Amino acid sequence: MIIQPNIKCGQCRRLYKFRLENAKKYTDWHNAPVTSFGDINGRLLIVGLAPGLRGANKTGRPFTGDWAGDLLYATLEKFNFTKGQYGASAKDGLYLLNCRITNAVRCVPPENKPTAEEINTCNKFLKRELEGMKNLSVIMALGGIAHSAVLSALNKKKSDYKFSHNSLHNLNQHLHLVSSYHCSRYNTNTGRLTQEMFEAVFENIRRKI
Ligand code: SF4
């Protein structure tokens with residue numbers, strides 16, 4: 001069974017305080033660690049960086065309610081990893097098929113920037129997520145930090161598995177790591193990541209699943 005962080009987890013003091021500040025300002029938002037979403041028996045796990053302030057931190061579901069989620073869920077739908085319609089809300093009735101989504105850091109960080117210590121502290125939850133997915137065959141890491149967090153959780157040497165967009169690493173005979181630039185608004189606005197580039201990653205994933 002996968003152990004999720006307690007709703008009141010305060011292991012990262014800075015993030016805990018930030019959550020409390022947001023809870024005072026935005027009383028009807030989630031403002032707590034964000035639980036993973038999707039199929040525990042799925043073959044694909046997508047690992048993002050951390051909840052967005054007005055996305056997952058508001059709605060309580062990974063990548064739900066912000067730009068990054070619009071692109072991610074539309075692409076998941078195109079590659080048949082969803083059932084139902086994405087409606088930017090945790091109550092939209094969407095299901096993930098053969099797929100699960102989580103974050104390397106479960107609490108929203110100020111300016112979307114978790115510290116190395118926070119990434120390290122929350123890594124135990126990613127490790128348990130990976131251990132709990134018994135059919136896992138592909139991990140998709142969104143961005144270099146998520147890529148690195150996955151390797152830490154699996155006790156792999158980072159220099160053996162360098163991050164690059166649409167890279168495919170064989171972690172063992174049955175487990176692959178496919179990485180992508182993060183589907184953030186910043187990356188898409190600057191042209192670092194286009195829709196075509198993002199879809200090419202999913203084509204790569206579909207060759208394995
Ligand atoms: S980031 Fe993770 S470890 Fe840190 S407070 Fe949130 S849930 Fe706890």
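**Ligand shell**

I sorted the shell around the ligand by class and found 9 nonpolar, 3 polar and 2 charged residues. For this count, Ala, Val, Leu, Ile, Met, Phe, Trp, Tyr, Cys and Pro are nonpolar, Asp, Glu, Lys and Arg are charged, and the others, Gly among them, are polar. I note that the model is predicted: local features need pLDDT of at least 70 and side-chain atom pairs count only at pLDDT 80 or more, while totals for chains, interfaces and linings use all residues. I number residues from 1 along each chain as its sequence is written.

I then asked which of the 14 residues around the ligand come nearest. They are Pro5, Cys9, Cys12, Cys107 and Cys122. The elements that give two or more residues to this shell are α1 and α4. The largest contribution is that of α4, with 3 residues. I counted a residue as near a molecule if its C-beta atom, placed from the backbone, lies within 6 Å of it. Helices (H or I, at least four residues) and strands (E, at least two) are DSSP runs, numbered from the N terminus.

**Helix α1**

I compared the length of α1 (residues 13–25) with expectation: at 1.5 Å a residue its 13 residues should span 18 Å, and the end C-alpha atoms are 19 Å apart, which agrees. The expected span is 1.5 Å times one less than the number of residues.

I next looked up which residues of α1 are buried, and found Leu15, Arg19 and Asn22. They lie on the same side of α1 because they cover an arc of only 65° around the axis, the arc being that of the directions from the helix axis to the C-beta atoms. An α-helix has 3.6 residues a turn, so residues three or four places apart point the same way. On the other side of α1, I found Arg13, Lys17, Leu20, Glu21 and Lys24 exposed. The criterion is the number of other C-beta atoms within 10 Å of a residue's own: 20 or more for buried, 12 or fewer for exposed, and in between for partly exposed, with C-beta atoms placed from the backbone.

The cover over the buried residues of α1 includes α2 (56–59) and α4 (116–132). Contact here requires C-beta atoms, placed from the backbone, within 7 Å.

**Sheet**

I traced an open sheet of 6 strands with mixed pairing, in the order β1-β5-β2-β6-β8-β7. Its edge strands, each pairing on one side only, are β1 (37–38) and β7 (167–170). Two strands pair if DSSP finds at least two bridges between them.

Next, β2 (residues 44–48) runs parallel to β6 over 4 bridges, where Leu45 has Ile139 as its bridge partner. I counted 5 bridges in the parallel pairing of β6 with β8, in which Leu142 faces Ser180.

**Burial of β5 and β6**

I checked where the side chains of two strands point. In β5 (residues 99–103), 5 of its 5 residues are buried: Cys99, Ile101 and Asn103 point one way, Arg100 and Thr102 the other. In β6 (residues 138–142), 5 of its 5 residues are likewise buried, with Val138, Met140 and Leu142 pointing one way and Ile139 and Ala141 the other way.

Technical notes
Contact = placed C-beta atoms within 7 Å.
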